[in-house]
Amino acid sequence: MIDIQGVTVRYGKLTALDDLTLHIGSGEVFGFIGPNGAGKSTTMKVLACLLKADAGDARVDGMHVRDHADEIRRIVGYMPDFLGVYDDLTVDEYLQFFAAAFRVPRKKRRALIGSVLELTDLVEKRNTMVSGLSRGMQQRLGVARVLVHDPKVLLLDEPASGLDPRARIEMRGLLVELRNMGKTIMVSSHILSELHEMCSSIGIIERGVLEYAGSLEDAFKRAGAGERIGIRVQADHDRAAQLLESDERVVTVGRDDGELVVELSPGEHGHHFLIERLVQGGLQIEAFTPRTAKLEDVFLRLTKGKVQ
Amino acid sequence: MLPHRLLFGPIFLKETLSSGRRGMTYWLRGGYAALLCLVISLALLAATNDQPYGSSGVERLGTIAPIITRVVGIVQFIVLTHIGILLTASALSEEKLNRTIGSLFTTPMSSMEIVFGKLSSRIVQLILLGLVPLPILLALRVFGGIQAEAIFAFTTLSLSSAVLAASIGLVMSAWVSKAWSAVTMGMLITAAIYGLPWLLWGSLAQKLQPVLNWTLIAEVLAHLSAPAALFATFLDWQIPSRIGVPLWATASITNVLMAIGFTSFASVMMRRMASERSARRGGRSRKKKRAGGTAAERQQSRTVGERPVFWRQLRQPLMERRAVTWVMYIGAALLLVWAYVEWGFDERALHMLIIVPATILTLLSAALISTSIIPTERQARTWDVLMTTPLSAGEIIRGYWLASVLRLLPFPLIILAHLVVTMMIGPFVGVETPITTPLFVLGTLLCYASLLVATGLYFSVRCQRGILASALNLGLWVGLWIGVPIVVAILSQLIWGHFEDGVLPLILFGPSPLVVIVTTVLGGLDIASERWHQLHEYEFPGQELSLGGMTALVVISSLFAVALTILVHVVTVRRLRRMTLRRA
């Protein structure tokens with residue numbers, strides 16, 4: 001559905017995107033991760049036909065963004081990171097405005113707006129001025145706006161930024177519903193745990209360079225994440241750490257709240273050898289807990305914390 | 001609070017630093033210096049040409065120097081006053097749009113510090129501009145003919161007037177959120193402050209002469225009014241000063257005191273804004289919550305038309321605040337009735353007093369109404385969203401253009417209402433061709449208003465800041481309608497020894513709506529009076545035209561405006577199309 005080949009974008013001397021190549025299949029939910037200024041918004045702007053690439057080519061649904069901007073706009077819904085709204089309109093008028101702009105036939109508009117308001121849980125706010133909505137509601141209105149022309153592809157740039165925990169949970173639920181509707185979604189977020197739960201694939205970008213793109217499973221494998229075990233021993237933590245570090249399959253042994261956190265090298269090792277070593281060393285084990293890998297770990301391992 | 005903290009606090013520092021980084025600051029200074037150089041050169045050329053043959057260079061300069069001082073003084077006064085408004089008209093509204101005003105309210109700075117800091121940073125810029133002509137004028141003083149007091153007087157008057165205008169711009173900026181509204185209202189209020197007292201004096205002087213000493217009142221007014229002081233200083237008007245202080249000094253002090261008053265008022269408005277924000281945050285609204293929810297919740301949604309950009313733009317209130325719009329309409333109606341009763345329909349001045357200000361107001365609004373549309377969308381971050389829709393660049397620009405032109409209609413309608421009343425009960429009754437005057441006036445006015453809106457949109461697309469777009473559009477048309485004819489007239493006088501004859505005045509003033517409209521109305525009045533039978537002609541500058549000639553001129557001039565509007569529209573659409581897939 002989305003195909004980016006060697007796209008480079010420069011702002012003066014700054015290279016915002018450097019030879020970016022990326023493929024997102026139809027119906028995928030692609031989480032785009034990267035520090036601020038990494039190039040996520042620039043990538044989305046290229047796909048939304050708002051920005052011209054200096055080199056390379058991007059296609060949406062097989063159409064080139066350079067030559068088919070009008071057609072692409074009809075099948076893409078783009079929600080920018082900072083949502084600007086016409087605050088002199090009501091919610092209903094705002095959605096009518098964009099429905100008319102997307103040439104939705106007048107007869108279909110009312111029903112369509114009703115359904116997107118229902119989906120975004122804004123039915124009761126239909127006649128409220130946009131300026132009277134809370135931040136979370138305005139973000140939901142932004143999602144309603146991108147849905148009003150029933151696009152195949154959604155580009156959502158930080159849809160949960162600035163939202164309180166409840167609004168974030170509601171937004172996540174909304175995105176899951178959109179995924180179930182079969183939309184192809186490219187979503188960027190700083191809340192990595194949210195992407196973990198709803199994305200089928202991720203891309204990690206840093207300083208305009210795509211560090212990784214692929215499935216979540218592969219990302220975990222590549223980052224070596226997922227192989228961390230928390231071990232609590234009764235006494236002599238230092239000796240326990242020495243014993244574990246002497247095994248070549250162990251990368252590091254850290255400490256977290258009185259617990260040893262063992263990180264294993266990539267590959268299938270099993271965990272039994274850790275118990276064996278400790279028991280052989282005469283140490284008593286109180287707890288042995290394999291730690292679930294998180295997207296945060298993958299992100300930290302695959303990026304170097306560089307910001308432009 | 002200590003004055004230095006009030007004027008030179010963190011806001012002053014921030015504004016001075018950011019204005020130093022803006023290219024516009026240097027373009028403004030450079031452009032102003034170039035304008036003054038042009039004015040001085042033309043005045044020098046014109047004055048040199050008038051000198052008797054055989055007089056020495058030093059003698060000539062001694063005679064020319066006062067003329068140049070007068071011209072520069074008047075130009076400086078007018079230009080700096082307008083720049084004063086333009087510099088502050090978006091000072092506070094941009095903070096609101098950029099949502100930075102909330103951060104300012106969270107600091108221990110008082111609203112006085114914020115507003116006076118904004119003003120003082122602009123005053124520095126105005127002082128720098130005000131000092132630009134001084135070296136040349138002081139150099140000319142060597143040749144005699146100019147008193148140092150005169151130079152000091154016009155510099156002080158110009159700067160104090162600019163500071164007053166800037167403070168009015170600040171009030172407008174705190175009150176409304178759109179730059180064009182702030183500029184228009186600022187200009188109107190400044191014009192009212194300078195002109196209204198004299199208008200009232202002129203109309204009431206004779207009637208109330210036995211009751212009040214109107215000469216004394218005129219003297220007091222002259223002491224308080226900067227334009228009167230300026231003309232009295234340079235044109236040697238004989239206005240006595242009983243208190244022994246020169247007029248320019250009292251007028252400048254009055255301006256500064258008024259500026260302090262306006263700026264203090266702006267700070268009160270800021271304080272009110274801050275308390276409203278905190279009330280909203282705390283869930284307390286000043287507006288009472290009625291049954292059925294707040295005002296925001298009780299709105300009834302309208303049906304959006306098939307052309308959404310046009311639909312929304314058309315529904316923008318003309319003056320942002322409905323109360324102001326109604327006050328303006330009621331005020332205009334009352335003024336019309338008063339003028340009819342006071343002067344009667346046969347008075348030519350009555351028609352000029354209604355049609356000329358209404359024409360200027362229409363053109364001024366047309367020049368400003370569309371300039372901040374796209375910069376405002378960019379600042380409110382709605383532009384990117386609009387650009388992702390399939391609306392074409394042509395549809396967007398046409399929507400904005402047509403809606404802006406339609407929003408201007410109330411002003412021409414005032415003229416039309418006056419002309420209709422004049423046709424029904426005034427001097428046009430029974431005249432064979434009564435319809436030509438309103439047709440000529442409205443046709444010309446609407447065509448040129450459309451053109452100004454189109455160029456405003458072009459600058460709106462080009463400029464990041466609405467205020468810069470406003471300044472450029474206004475400057476372009478003031479330059480073309482006033483500057484170019486003056487320059488050409490002087491050059492023509494120098495080269496050919498005459499200007500009034502031939503087609504040159506027709507070419508220069510034909511595309512000037514104010515000249516065409518004034519000629520049309522005066523000619524229409526002549527048709528209705530016996531003068532027509534004697535003259536049979538419209539008195540256009542440099543030409544006397546028959547009814548057929550005037551009709552041809554109006555048609556050609558209007559078609560020229562329409563053609564130019566289409567051309568500007570095409571250029572703007574192309575520009576916008578390039579921006580649609582633009583470099584961020």
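Visitor: What is the handedness of the crossing of α9(A) and α10(A)?

Guide: Right-handed. Keep in mind as we go that this is a predicted model.

Visitor: What makes α19(B) oblique to α21(B)?

Guide: Here α19 (residues 393-407) and α21 (residues 436-462) of chain B pack at about 140 degrees, with axes 10 Å apart. Roughly antiparallel needs an angle over 145, so with about 140 degrees α19(B) is oblique to α21(B). The crossing of α19(B) past α21(B) is right-handed.

Visitor: Which residues of α19(B) and α21(B) meet?

Guide: On the α19(B) side they are I397(B), Y400(B), W401(B), S404(B) and V405(B). They meet A449(B), S450(B), V453(B), A454(B) and L457(B) of α21(B). By class that gives 8 nonpolar, 2 polar and no charged residues.

Visitor: How do you know that helix α1 of chain A is mostly covered?

Guide: By counting its buried residues: a residue is buried if 20 or more other C-beta atoms lie within 10 Å of its own. In α1 (residues 40-47) of chain A, 8 of 8 residues are buried. They are K40(A), S41(A), T42(A), T43(A), M44(A), K45(A), V46(A) and L47(A). Just after α1(A), C49(A) takes a positive phi of about 65 degrees.

Visitor: Why is strand β9 of chain A described as largely enclosed?

Guide: In β9 (residues 201-206) of chain A, 5 of the 6 residues are buried, so the strand is largely enclosed by the rest of the structure.

Visitor: What makes β3(A) and β9(A) a pair, and in which sense do they run?

Guide: Two strands pair if there are at least two bridges between them. Strand β3 (residues 29-33) of chain A and β9(A) have 4 bridges and run in the parallel sense, so they count as a pair.

Visitor: How many bridges join β9(A) to β10(A)?

Guide: There are 6, and the two strands run antiparallel, with β10 covering residues 209-215 of chain A. S201(A) stands opposite S215(A) in β10(A). The hairpin of β9(A) and β10(A) has 2 residues between the strands, and R207(A) takes a positive phi near 50 degrees there.

Visitor: In what order do the strands of the open sheet in chain A stand?

Guide: The order is β2-β1-β4-β5, with antiparallel pairing among the 4 strands. Both β2 (14-24) and β5 (63-64) of chain A have a single partner strand, so each is an edge strand with one side left without a neighbour in the sheet. Strand β1 (residues 2-11) of chain A pairs with β2(A) over 7 bridges, in the antiparallel sense. Across that pairing, I4(A) stands opposite L22(A) in β2(A).

Visitor: How many residues of chain A are in contact with chain B?

Guide: On chain A there are 33, touching 27 residues of chain B. The elements that give two or more residues to that side of chain A are α2 (69-75) and α3 (91-101). The largest share, 7 residues, comes from α3(A). By class, the chain A side has 17 nonpolar, 7 polar and 9 charged residues.

Notes. Residues numbered from 1 in each chain as written. Chains lettered and ligands numbered in written order. Predicted model: local features only at pLDDT ≥ 70, side-chain atom pairs only at ≥ 80, totals over all residues. Contact = placed C-beta atoms within 7 Å. Nonpolar A, V, L, I, M, F, W, Y, C, P; charged D, E, K, R; others polar. Buried ≥ 20, exposed ≤ 12 C-beta atoms within 10 Å, placed from the backbone. Left-handed = near helix turned anticlockwise from the far one by under 90°. Axes fitted to C-alpha atoms, helices over the stretch in contact; angles between N-to-C directions. Parallel < 35°, antiparallel > 145°, perpendicular 65-115°, else oblique.
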